[in-house]
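Here's a walk through one chain, going from the overall numbers to a few spots worth a look. Have the viewer open as you read.

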Amino acid sequence: MPWRETSVMEERLRFVARLLEGEGMSEVCRDFGISRKTGYKIFNRYKDEGLEALTDRSRRPVRYANQLPDPVEAMIVRFKKEKPHWGARKNRELLVRKLAGDMRIPARSTVHAVLDRHGLVSQARKRNRANKAMGTEDLANHRQPVRHEVVTHVLGTNCYLCLRVGHRPQIAEEVIRPLQFRDGQKVVSVVAATSREALFDWIGADVCLSQAIPLPFVARRKGVTAVYPPDVDTAALFNVLGNAVECETKKEYDLLAAASALMATHFGIMHRTTEWLAENGLPDDKGRAYIAPLFAGLSETALLAGKDDHFIDLSRDYATKGGLNEQVFHDFDQNGGMDALTGALDRVLERITKKQTIRMP
C-alpha cells in the first residue's frame with residue numbers, strides 16, 4: 001500500500017476517519033492511492049475490531065488465556081467466587097503464592113480474560129474500563145458523533161487507555177482505583193488538575209503515563225492539545241485531531257493549562273462587542289456576521305505568521321500610528337486591561353498548582 005512516509009497506523013486512522021465523516025470510498029481511496037478493494041478491507045476490519053485492525057496484524061493464533069491448564073483456570077474461577085470483590089490483580093497474587101516455582105504464572109490480563117470468559121467481570125467494571133473520551137463537551141455530549149466514534153475506538157484498545165471522568169474530576173480517584181491496568185500499558189489522562197503522583201497511586205501499575213489537555217475543537221479535528229511528558233505516540237494520536245504541543249516540563253504543561261482558561265474571555269469580548277454594536281443601532285445578526293469572521297481572520301493571521309513574528313509585532317502591524325487600532329489598544333492597556341489579564345492568569349495558575357498539591361498522596 002502506498003501510504004505516505006508517516007506512521008502506517010496514523011495514515012489508516014486518517015483514512016477511516018474520513019470515511020466515518022461521510023466521504024465516499026472512491027474519493028478517499030483515490031486520495032490515499034489504494035484500491036477500493038483494499039479500502040473496504042481496512043474499513044470493514046476497523047468496524048469489526050476497532051483500532052487493533054489498523055495495526056500490523058499478528059500471526060499468533062490464540063491468546064495465552066486459552067492455553068492455561070484446566071486446573072489453573074478452575075483455580076482462578078474458584079478464587080473469584082470466594083472473593084467476588086477481588087479483581088484480576090489480587091487473584092493473580094493468590095496464584096503466585098499458591099503456584100510460585102511450580103509453573104509459569106499467567107499475566108494479570110490473562111487472569112482477567114479467564115474471569116471475563118466465565119462471566120465473572122461485572123458490567124459496572126466493564127463500563128469503568130470503557131470510561132474514556134477526549135476531555136471536551138462536544139465529544140462527551142455526542143454533538144460530533146462521528147469523531148467521538150473514532151476517538152472511542154482509538155482509546156478503547158490495548159494500545160491506549162484514556163482516562164476521562166465526565167465533567168467531575170473531583171471523583172477521579174473513586175473511578176480510577178477500581179480499574180485494572182497492566183505494566184507497560186500506555187495511559188493518557190485528560191483528568192484536569194491532578195498530579196502525576198496521584199494518578200500513579202490510583203493506577204497502581206507501572207504504566208507509560210501521558211497527560212493531555214484536549215480542547216473542544218478536537219471535535220472538528222482542529223484542536224490544539226498540550227501533552228506531558230513528550231511522547232511520540234501520544235502526540236501522533238492528538239495530531240490526528242489537530243496538533244499537539246509537547247511539554248518538556250510539568251511547569252510548561254501547567255502554564256498552557258492556565259492559558260486555555262482564556263476561551264470564555266475570548267467569546268466574552270466578542271459578545272460585549274456585538275452588544276455594544278446593538279446598543280448603538282446595529283442589528284445583532286449583522287454584528288455577529290461581522291465580528292466572528294474578523295476574529296477568525298486574526299487567528300488565521302497568527303497561525304500563518306512565522307515563528308519569529310511575535311504577537312506584539314502583529315499588534316503593531318495593525319496599529320497605524322495615531323489610528324483607531326492604536327487608540328483602542330492604548331485605552332485597554334491604560335485602563336488596566338493588560339494587568340487584569342495577567343492577574344487572572346496568575347490566579348488560575350495558582351489554582352491549578354494548588355489543586356495538584358492537595359491531591360498528591
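A quick definition to start: "buried" means under 20% relative accessible area, "exposed" means over 50%, and "partly exposed" is in between, using a 1.4 Å probe and protein chains only. Helices (H or I, at least four residues) and strands (E, at least two) are DSSP runs, numbered from the N terminus.

This is a predicted model, where local features need pLDDT of at least 70 and side-chain atom pairs count only at pLDDT 80 or more, while totals for chains, interfaces and linings use all residues. Residues are numbered from 1 along each chain as its sequence is written, and side-chain values use heavy atoms, with hydrogens and water left out.

**The whole chain**

The chain has 18 helices and five strands. Of its 361 residues, 37% are buried. The accessible surface, worked out by the Shrake-Rupley method with a 1.4 Å probe, comes to about 21,600 Å², and carbon and sulfur atoms hold 52% of that. A contact means heavy atoms within 4.5 Å. Among contacts with a separation of 6 or more, 52% link residues 24 or more positions apart.

**The strands**

Strand S3 (residues 208–214) has six of its seven residues buried, so it's largely enclosed by the rest of the structure. Two strands pair if DSSP finds at least two bridges between them. Here's how the pairings go:

| Strand pair | Sense | Bridges | Residues facing each other |
|---|---|---|---|
| S2 (residues 186–189) and S3 | parallel | four | Ser-189 and Gln-211 |
| S3 and S4 (residues 223–228) | antiparallel | four | Ile-213 and Ala-226 |
| S4 and S5 (residues 242–246) | parallel | five | Thr-225 and Ala-244 |

Now look at Asn-243, which sits in S5. Setting aside neighbours within four places in sequence, Asn-243 is in contact with Gly-223, Val-224, Thr-225 and Phe-238. From Asn-243 to Pro-214 is 29 residues in sequence and 9.8 Å in space, C-alpha to C-alpha.

**Two helices that cross**

Two packed helices are described by the angle between their axes and the distance between the axes. Axes here are lines fitted to C-alpha atoms, for helices over the stretch in contact, with angles running from 0 to 180 degrees between N-to-C directions. For helix H14 (residues 263–279) and helix H15 (residues 284–304), the axes come within 10 Å and cross at roughly 145 degrees. On the H14 side, the contact is made by His-266, Ile-269, Met-270, Thr-273, Thr-274 and Leu-277, and H15 brings Gly-287, Arg-288, Ile-291, Ala-292 and Phe-295.

**A buried asparagine**

Last stop: Asn-91, in helix H5 (residues 88–99). Which residues does Asn-91 touch, not counting those up to four places away in sequence? The list is Ile-76, Phe-79, Lys-80, Trp-86, Val-111 and Leu-115. Asn-91 is buried, with a relative accessible area of 0%.
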